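I opened the notebook to record what I looked up in this model. My entries follow in the order I took them.

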Amino acid sequence: MAERILVVEDDAKLGAQIVEQLERAGWDVKWIDDGDVAAREEPAPYSLVILDLMLPGTYGLDVLKRYRKTSDVPVLILTARDHPADRVRGLELGADDYVTKPFWPEELVARVKARLRRPVMTRAEGVAVGALRIDLSARAVSVAGEAIELTKVEFDLLAELVRRPGQALTRDALVDRVLDPERMGTARTLDVHMSRLRKKLGVESKRIATVWGIGYRFDPSEDA
Amino acid sequence: MKLRARLLATLIVLAIPIVAGFTLYTAWSSRQALVQATYETTVERMEAVGRERCEEVPEGFARRAGIRPGRALGPRALGPRGALGPGRRFGRMQAVYDDTYQPRIAGDPPLDPALRAELEGGAETAADFGDQRVRIAMRMPWDGPCSVIVVDRPAGDLAGRAAASRTAGLAAGVVAVTALAAFLALAPVVRRIRRLEAAVKGQASGGYEGSVPIEGSDEVADLARAFNEASSQIRLRLEELSARDKALTEFLQSTTHDVMVPLTVLQGHLSDLRRIGGDSEPVVRAAMEEAHYLASLVKNLNAAARLDAGEPMIARHELDLGELVERVVSRHAPIAKTRGIALNHSIPEEPVHVNADSTLLEQMVGNLVHNAIRYNQEGGHVAVILERGFRVTVKDDGPGIPEEELERVGERQFRGGEARQRRPTGLGLGLHIVRDVAERHGYALTFESPEEGGLTVVIRGAEV
């Protein structure tokens, strides 16, 4: 079932647009354009609330205060008056994030997704994505059921990237965490290990992307 | 020069010539008095008996008068005893000359040429003041063989010597007392001026609020009054300016709000257009870039207004730089995608807390990312890296900035490099804000053009 999102925005055109964008992204959206009405709304059924601050009737932050009395629903604040005092106040009152106007629809959708994101795998134990299986505690890796022999450095390298799926890690950080400090490893050494690791992963090697100017990233998406 | 020192110097400069002049005058007038007294006494005595004797029997007169070097002028020579008066001092008669300055008694020395010249010039008396004696030559009010008489008097007869030094001492004393009086009179004035100075300084540092106290009714009080008038004028101007400033800031903020909402709607429409027409439509891409640029321009103007207003407008609070970097990247990701530029970022696993103005800092990093995207070409890369410590690096593989221009990046009017002048507006303000925000937060900012090309900007600062 699609997750429900409550949008509180007084501008008719912008409100309609936001609703359309969120619906297209696959969410079930309810739109309220008045502060007083929003203050009376029960936040319980929603997975996330998008709240504009400048509202007719009850002010946005007061709506937030009211919701926080009964609910921990993630609240994403929309603001045009981009003043740090508003941000601080919003965060103090329990807002989870804020998006300042103007924004691109993709930006808003990305932020909503980030707030709704659920942990997709049990990090401590391992990863199972595509044909790749990684058992972190047993330090075992297999692709399409076939076990892969990795050196200590290769496994540690893969584990570091897998531990933070979708996030680019810098070569420097990987050198620090993976390479033996006794042996004065450099980014060049790391690249050599990576090249061997990729070769061993075969079809699943595409999950490890080289990121320009940064380092590497593990892509956890099913269809990668 | 301090007031007291100036007063002392003035007194000294004035007192020295006065004391000296007074001393000289006293000495001169006592000499005059001695010469005059000698003349009068001599004439009186010569008229009584001396002249007759001298003219008739000069030798006898001389003998009786005791005219011999070193002998005192005998009382008999000049008249009856008693005419001198008891205890009245007189000198020694040295010689007598006739109208042509020839000695009356042969063998007497000729008249001193200097004295003679003076008498010949028509003077009644001529005197030579030596250390031991005063020699006085006098022309008697008659002609004849005994018409010029020379008398020596001991220098001690100059009553004025002691008097002169007494006068000098007195004058010095008067000056000293005057100086002391002036000092005493000046002390409270100096104290009041000091107090006024302290009050004025206090007022100036307190934004010209209130007024300085007015004591008494003299020039110092006038000065205090004048200052109060001037500071009330300043206060008025300051109030006007701050009211205007406030109105302008409010106008800017409400305008920003009014602009941002339709701009968001416009971005939504453009996004729809791209979805319908596809990324390949160059007009849609251009329009998206303009809309994005417009939004960033308005935000930069707002940031500039806050930075110009100074410290009170800058609000520091604790924030997570990792979240900030993610927000900046998610804001610019759509426009990077439209331009075919890979925008990636990396943040540490743990939050990086800093104490900063979140809006300004976000605008700062945003400007760097936006510039890196705008001046890059299709297929280019931009990377934003946050490291503990903290260090934020924004790097691209665009055209970069020539070495010699790196120094000037961030000056308000500066736009670097030919390649970066394709879009001549905005870069100056954006980078100026980057530099200004870094300065306000005490962050180190470096621009580098690495050998492999592109531009690398690094912001270094302290974690909380």
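Predicted model: local features only at pLDDT ≥ 70, side-chain atom pairs only at ≥ 80, totals over all residues.

Next I checked the length of the helix itself. Helix H7 of chain B covers residues 282-309, which is 28 residues. At 1.5 Å a residue it should span 40 Å, and its end C-alpha atoms are 40 Å apart, so the two agree.

Then I turned to chain A. I found eight helices and twelve strands there. Of its 224 residues, 38% count as buried. I also looked at contacts in chain A with a separation of 6 or more: 54% of them join residues 24 or more positions apart.

I picked one helix pair in chain A. How do H6(A) and H8(A) cross? The axes of helix H6 (residues 152-163) and helix H8 (residues 187-201) come within 9 Å and cross at roughly 85°. That angle lies in the 65 to 115 degree range, so H6(A) is roughly perpendicular to H8(A). From H6(A), I listed A:Val153, A:Glu154, A:Leu157 and A:Leu158. They meet A:His193, A:Met194, A:Arg196 and A:Leu197 of H8(A). By class, I noted five nonpolar, one polar and two charged residues in this contact.

Last, I went to the interface. I see 32 residues of chain A in contact with 32 residues of chain B. On the chain A side, helices H1, H4 and H5 and strand S10 each give two or more residues. H5(A) supplies the largest share, five residues. I sorted that side by class: 16 nonpolar, six polar and ten charged residues.

Key. Residues numbered from 1 in each chain as written. Chains lettered and ligands numbered in written order. Contact = placed C-beta atoms within 7 Å. Helix = DSSP H or I, 4+ residues; strand = E, 2+ residues; numbered from the N terminus. Nonpolar A, V, L, I, M, F, W, Y, C, P; charged D, E, K, R; others polar. Buried ≥ 20, exposed ≤ 12 C-beta atoms within 10 Å, placed from the backbone. Expected span 1.5 Å × (residues − 1). Axes fitted to C-alpha atoms, helices over the stretch in contact; angles between N-to-C directions. Parallel < 35°, antiparallel > 145°, perpendicular 65-115°, else oblique.
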